[in-house]
Amino acid sequence: CLRLAARFVRGKILNCRTLLRRNLKDIPRTELRELARLSMAAGRAPDLATLLGLEGAAARLYFSRFGEMLRPPEPDGRLAFDFNGRNRRPPKDPVNTMLSFLYAVLTKEAHLAVLGVGFDPFLGFYHQPRYGRPALALDLMEEFRPIVVDSVVLQLVNTGEIRGQDFLQRGGACTLTPAGRKRVLGAFERRMESTIIHPLFGYAASYRRILEIQARLLGRWLAGEIAEYPPFRTR
């Protein structure tokens, strides 16, 4: 469990680092080095509790800069999409609402991917089994969170495709309107169908297909056919 969980977390941290590097010209080099250090430490974590702490430290650093990547074009957009850190259950602002909603959608995609290659999606490695939780799907999606979901949220806000009126705020909670949900799902679907070169195989595939490829690579590692599970990373 630890060996595989470390690969999932290392891939996630490095993809978070890539997203910051691509979208923030003035991010301090010290912070990029710290994310690189945390990714290396994740690969050497002595237990799952330590690994969880390293992931949490990386997430705090990453999300402390996430708001700076949001540059809505409309004059009042900065106020509507002000981001002061991650919150959930329930999300309290539009950005966290989109993140939570799309992480749930990505979980369903990962669930289908692991089912498609013959895994039990409820038996995880990093996310330990718990009644009703698709632990393996949550494991597999870790490296895809920043490059799929977070990228979609940035695109929606920064292109003006989503607006403040696409959300409802009541009792300290924020939800999407039906029209807003449709826009968010449309952007997510476009991302999943967009193609990218797989760094291991060198051919173009959609993100949906790559999710399946990663599930198959996981199976090959578990069967002893490859030496390590290679997390999917963008550069």
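Student: Over the ring of which residue does the charged end of Arg145 sit?

Tutor: Good place to start, and keep in mind that this is a predicted model. The charged end of Arg145 lies 4.6 Å from the centre of the ring in question. That ring belongs to Tyr103.

Student: How are helices α1 and α2 oriented to each other?

Tutor: Helix α1 covers residues 2-23 and helix α2 covers residues 29-43, and their axes are 8 Å apart. The two pack at an angle of about 170 degrees. Angles over 145 degrees count as roughly antiparallel, so the answer for α1 and α2 is roughly antiparallel.

Student: How many nonpolar residues does the contact of α1 with α2 have?

Tutor: On the α1 side the contact includes Val9, Ile13 and Leu14, and on the α2 side Leu32, Leu35 and Met40 are among the residues. By class, the contact also has two polar and three charged residues. The nonpolar count is eleven.

Student: Are the rings of Phe63 and Phe83 stacked or tilted?

Tutor: Their centres are 6.1 Å apart and their planes stand at 45 degrees. Stacked needs planes under 30 degrees apart, and edge-to-face over 60. The pair of Phe63 and Phe83 is therefore tilted.

Student: Which parts hold Phe63 and Phe83?

Tutor: Both residues are buried. Their pair ties together parts 20 residues apart in sequence, because Phe63 is in helix α3 and Phe83 is in the loop between α4 and α5.

Student: Is Tyr203 buried or partly exposed?

Tutor: Tyr203 forms a stacked aromatic pair with Phe201, 5.7 Å centre to centre. Buried means under 20% relative accessible area. At 36%, Tyr203 therefore counts as partly exposed.

Technical notes
Residues are numbered from 1 along each chain as its sequence is written. This is a predicted model: local features need pLDDT of at least 70, side-chain atom pairs count only at pLDDT 80 or more; totals for chains, interfaces and linings use all residues. Side-chain values use heavy atoms; hydrogens and water are left out. Axes are lines fitted to C-alpha atoms, for helices over the stretch in contact, and angles run from 0 to 180 degrees between N-to-C directions. Helices (H or I, at least four residues) and strands (E, at least two) are DSSP runs, numbered from the N terminus. Angles under 35 degrees count as roughly parallel, over 145 as roughly antiparallel, 65 to 115 as roughly perpendicular and the rest as oblique. Contact means heavy atoms within 4.5 Å. Ala, Val, Leu, Ile, Met, Phe, Trp, Tyr, Cys and Pro count as nonpolar, Asp, Glu, Lys and Arg as charged, and the others, Gly among them, as polar. Rings of Phe, Tyr and Trp (its six-membered ring) pair if their centres lie within 6.5 Å; planes under 30 degrees apart count as stacked, over 60 as edge-to-face and the rest as tilted. Buried means under 20% relative accessible area, exposed over 50%, partly exposed in between (1.4 Å probe, protein chains only). A charge sits over a ring if NZ of Lys or CZ of Arg is within 6 Å of the ring centre and within 35 degrees of the ring normal.
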